[in-house]
Amino acid sequence: MKIDLTDTTASKINKALVQGRRAIGTPAVGMVLTMVIVTDEENAYDSIKAAEEASHEHPSRTLVVIKRHARTPKDRTKSHLDAEVRVGGADAGTGETVVLRTYGEVSDHADSVVLPLLLPDAPVVVWWPVDAPENPAKDPLGALAQRRITDMYAVETPLAALEQRVASYTPGDTDLAWTRLTPWRSMLAAALDQAKETITSAAVESEADNPSAELLARWLEARLGVSVERVLTAGPVVTGVRLGTARGEVVIDRPEGPLATLTLPGQPSRTLALKVRATSELIAEELRRLDADEMYAVALRGGTGDGQTAADD
């Protein structure tokens with residue numbers, strides 16, 4: 001069910017949500033969190049679709065904030081809010097979706113619109129698919145959240161953005177460039193658990209300026225206590241990791257496609273699934289735990305750590 005509201009208020013939006021739930025007979029008690037998406041018109045459709053797919057695992061109220069730019073000088077002085085309320089079924093996944101389009105001064109105070117629409121006594125997650133603030137925790141909308149999700153893949157200079165994330169990191173921050181590494185980290189931990197060898201060298205192979213590859217290299221440096229070589233390849237994304245031992249190399253190689261080859265010293269190679277996951281899968285993973293991601297903080301800082309192996313995680 002869809003309800004369009006023009007030049008509206010948060011109070012009227014809440015009434016429309018109640019009206020929509022009554023019309024389809026769906027209670028709100030099943031929703032476990034509020035997801036706030038801050039995006040633009042160009043990326044709104046894909047972001048909403050990803051959130052709706054993730055809501056099948058995490059039923060939520062999704063608030064989409066789209067700040068509209070003024071087209072004329074008159075528009076700059078006209079401050080108002082339009083909303084589209086979607087409740088139930090194909091329109092909103094397993095939860096509720098409210099698309100908020102802000103104009104004029106309302107765009108500068110979007111948190112005042114969002115605050116009355118948050119589910120009571122439920123966690124808040126803010127996701128910036130594009131144009132994330134330099135310091136998400138100090139952003140007015142980010143300050144409302146327990147978890148703040150950014151994506152370094154969405155910027156022109158991802159490695160510069162990574163350094164900005166290092167400078168501004170606050171517990172609760174995370175980035176989808178880090179989430180994309182979960183299968184790699186799991187596979188490396190399992191490989192090292194089998195190999196039971198001391199790592200003496202390491203290399204991460206990827207396309208140029210890939211933020212996930214840099215985070216992976218920093219994580220390995222911190223956990224293994226060795227310097228990690230960055231090796232450029234044609235991609236796509238991360239294509240391989242090589243860990244040197246006294247008996248030979250531990251290698252995960254994924255030059256392309258959804259399959260990778262794992263090679264351990266003294267053992268035959270084996271093929272493993274290592275696909276590039278959809279954004280909805282990444283968001284669903286981030287919503288499974290809303291406490292601080294300590295390993296993301298470790299990966300941001302990088303450097304050599306205490307000599308622990310990746311299998312210790």
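**Helix packing and loop residues in the predicted model**

Helix α2 passes helix α9 in a right-handed crossing. The contact is formed by Ala50, Glu53 and Ala54 on the α2 side, and by Thr279, Ser280, Ile283 and Ala284 on the α9 side. The structure described here is a predicted model. In general, a pair of packed helices is described by the angle between the two axes and by the distance between them. For α2 (residues 41–54) and α9 (residues 279–286), the axes come within 8 Å and cross at roughly 55 degrees. That angle makes α2 oblique to α9, because angles under 35 degrees count as roughly parallel and those from 65 to 115 degrees as roughly perpendicular.

Helix α9 is mostly covered, with 6 of its 8 residues buried. These buried residues are Ser280, Leu282, Ile283, Ala284, Glu285 and Glu286. Of these, Ser280, Ile283 and Ala284 also take part in the contact with α2.

The loop between β14 (270–273) and α9 contains Arg277. This arginine has a relative accessible area of 19%, and it is therefore classed as buried, the limit being under 20%. With neighbours within four places in sequence left aside, Arg277 is in contact with Thr179, Arg180, Thr182, Pro183, Leu282 and Glu285. The C-alpha atoms of Arg277 and Glu221 are separated by 25 Å, and the two residues are 56 residues apart along the chain.

A second pair of packed helices is formed by α7 (182–195) and α8 (residues 211–224). Their axes are 12 Å apart and the helices pack at an angle of about 35 degrees. The crossing of α7 and α8 is right-handed, as is that of α2 and α9. From α7, the residues Arg185, Leu188 and Leu192 meet Leu216, Trp219, Leu220 and Leu224 of α8.

The loop that leads from α7 to β9 (201–206) includes Lys196. The phi angle of Lys196 is near 50 degrees, a positive value in a residue other than glycine. Lys196 is exposed, with a relative accessible area of 65%. Glu197 is found in the loop between α7 and β9 as well. At 22% relative accessibility, Glu197 counts as partly exposed, because this class lies between the 20% limit for buried residues and the 50% limit for exposed ones. When residues up to four places away in sequence are not counted, Glu197 touches Thr245 and Arg247. Glu197 and Arg247 are 50 residues apart along the chain, and their C-alpha atoms are separated by 8.0 Å.

Helix α1 (residues 10–24) contains 15 residues. From its first C-alpha to its last, α1 reaches 21 Å, close to the 21 Å expected at 1.5 Å a residue. Within α1, the residues Ala10, Ile13, Ala16, Leu17, Gly20 and Arg21 are buried. They cover an arc of only 135 degrees around the axis, which puts them on the same side of α1. On the face turned away from this buried side, α1 carries the exposed residues Lys15, Arg22 and Ala23.

Asp7 is found in the loop between β1 and α1, and its phi is near 50 degrees, positive although the residue is not glycine. After α1 comes Gly25, with a positive phi near 70 degrees. Elsewhere, a cis peptide bond joins Gly235 and Pro236, with omega at about 5 degrees. Pro236 lies in the loop between β10 (228–232) and β11 (238–245).

For the protein chain as a whole, the model contains 10 helices and 14 strands. The C-alpha trace spans about 70 × 45 × 35 Å along its principal axes. Of the 313 residues in the chain, 51% are buried. Among contacts with a separation of 6 or more, residues 24 or more positions apart account for 71%.

Definitions and conventions: Residues are numbered from 1 along each chain as its sequence is written. This is a predicted model: local features need pLDDT of at least 70, side-chain atom pairs count only at pLDDT 80 or more; totals for chains, interfaces and linings use all residues. Side-chain values use heavy atoms; hydrogens and water are left out. Helices (H or I, at least four residues) and strands (E, at least two) are DSSP runs, numbered from the N terminus. The expected span of a helix is 1.5 Å times one less than its number of residues. Buried means under 20% relative accessible area, exposed over 50%, partly exposed in between (1.4 Å probe, protein chains only). The arc is that of the directions from the helix axis to the C-beta atoms. Axes are lines fitted to C-alpha atoms, for helices over the stretch in contact, and angles run from 0 to 180 degrees between N-to-C directions. Angles under 35 degrees count as roughly parallel, over 145 as roughly antiparallel, 65 to 115 as roughly perpendicular and the rest as oblique. A crossing is left-handed if the near helix is turned anticlockwise from the far one by less than a right angle, and right-handed if clockwise. Contact means heavy atoms within 4.5 Å.
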